[in-house]
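Hi there,

Here is the structure I promised to send over. Have a look at it first, and then read on for what I found.

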Amino acid sequence: MVAFNISGVYVCDMVPDTLQYFVEHCDIIFGNKREFEAVAKLMKFSTVKELIQKILKNNIYKLQKVHGNIVIITDGANPGQCHHGEGEYFEFHVMDVEEDKFKDSIGAGDVFVGGFLAGLLEKKPLDWCATLGWYIANEIIRQTGCTLPKRPPVFDLNDIH
């Protein structure tokens, strides 16, 4: 199984052919809303929805037998989306953060990916994986820069679905 994090809109300009290859061949693709909009434009789709449909149908290697291909789209404080299988979809909501607690979003997407994949490796349901990802991202946005908190996490994995 191969997972890919788009990692920035600029990647579409830097390595467009490589990016398109990864999008067409990976089992799991992560990115934020702007990144998926840029990839859809690069690959000449009129909407992100069309791009997602292509990714879900393009399950070349069938390695992801349980869920099919997976597409995760984050959107900051707005609900994220998880698309998988034959067009199945759910939204996941992020935790509200008080304005005075929010420090920096650098690294939040990357740690979301790590949390999601950790849940997937534990064979947890996709909504559980998304919840774990945003729990961890919520910790990172309370730090300046992509640093680990100097305290233990404030969540209990048993509380996740």
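The largest nonpolar core has 21 residues, and those touching the most other members are I70, I72, F92, F112 and F116. By such a core I mean buried Ala, Val, Leu, Ile, Met, Phe, Trp, Tyr and Cys residues joined through side-chain atoms within 4.5 Å; buried is under 20% relative accessible area, with a 1.4 Å probe and protein chains only. Two or more residues each come from strand 2, strand 3, strand 5 (88-92), helix 5 (108-121) and helix 6 (126-140). Helix 6 gives the largest share, seven residues. Another core, of 19 residues, lies apart from it and includes C12, L19, A38 and V71.

Please bear in mind that this is a predicted model: local features need pLDDT of at least 70, side-chain atom pairs count only at pLDDT 80 or more, and totals for chains, interfaces and linings use all residues. Numbering runs from 1 along each chain as its sequence is written, and side-chain values use heavy atoms, without hydrogens and water.

Overall, the chain has six helices and five strands, where helices (H or I, at least four residues) and strands (E, at least two) are DSSP runs numbered from the N terminus. Of its 161 residues, 42% are buried.

Helix 3 (residues 33-42) is worth a look too. Its buried residues are E35, F36, A38, V39 and A40, and they pack against helix 1 (10-14), helix 2 (16-25), strand 2 (28-32), helix 4 (48-57) and strand 3 (70-75). At the N-terminal end, N32 caps the helix, with a side-chain oxygen 3.1 Å from the backbone nitrogen of R34. Just after helix 3, K44 has a positive phi of about 65 degrees.

Best wishes

Methods
Buried means under 20% relative accessible area, exposed over 50%, partly exposed in between (1.4 Å probe, protein chains only). Contact means heavy atoms within 4.5 Å. A polar contact is a pair of N or O atoms within 3.5 Å; within protein, one must be able to donate a hydrogen and the other to accept it, and residues adjacent in sequence count only if both atoms are side-chain atoms.
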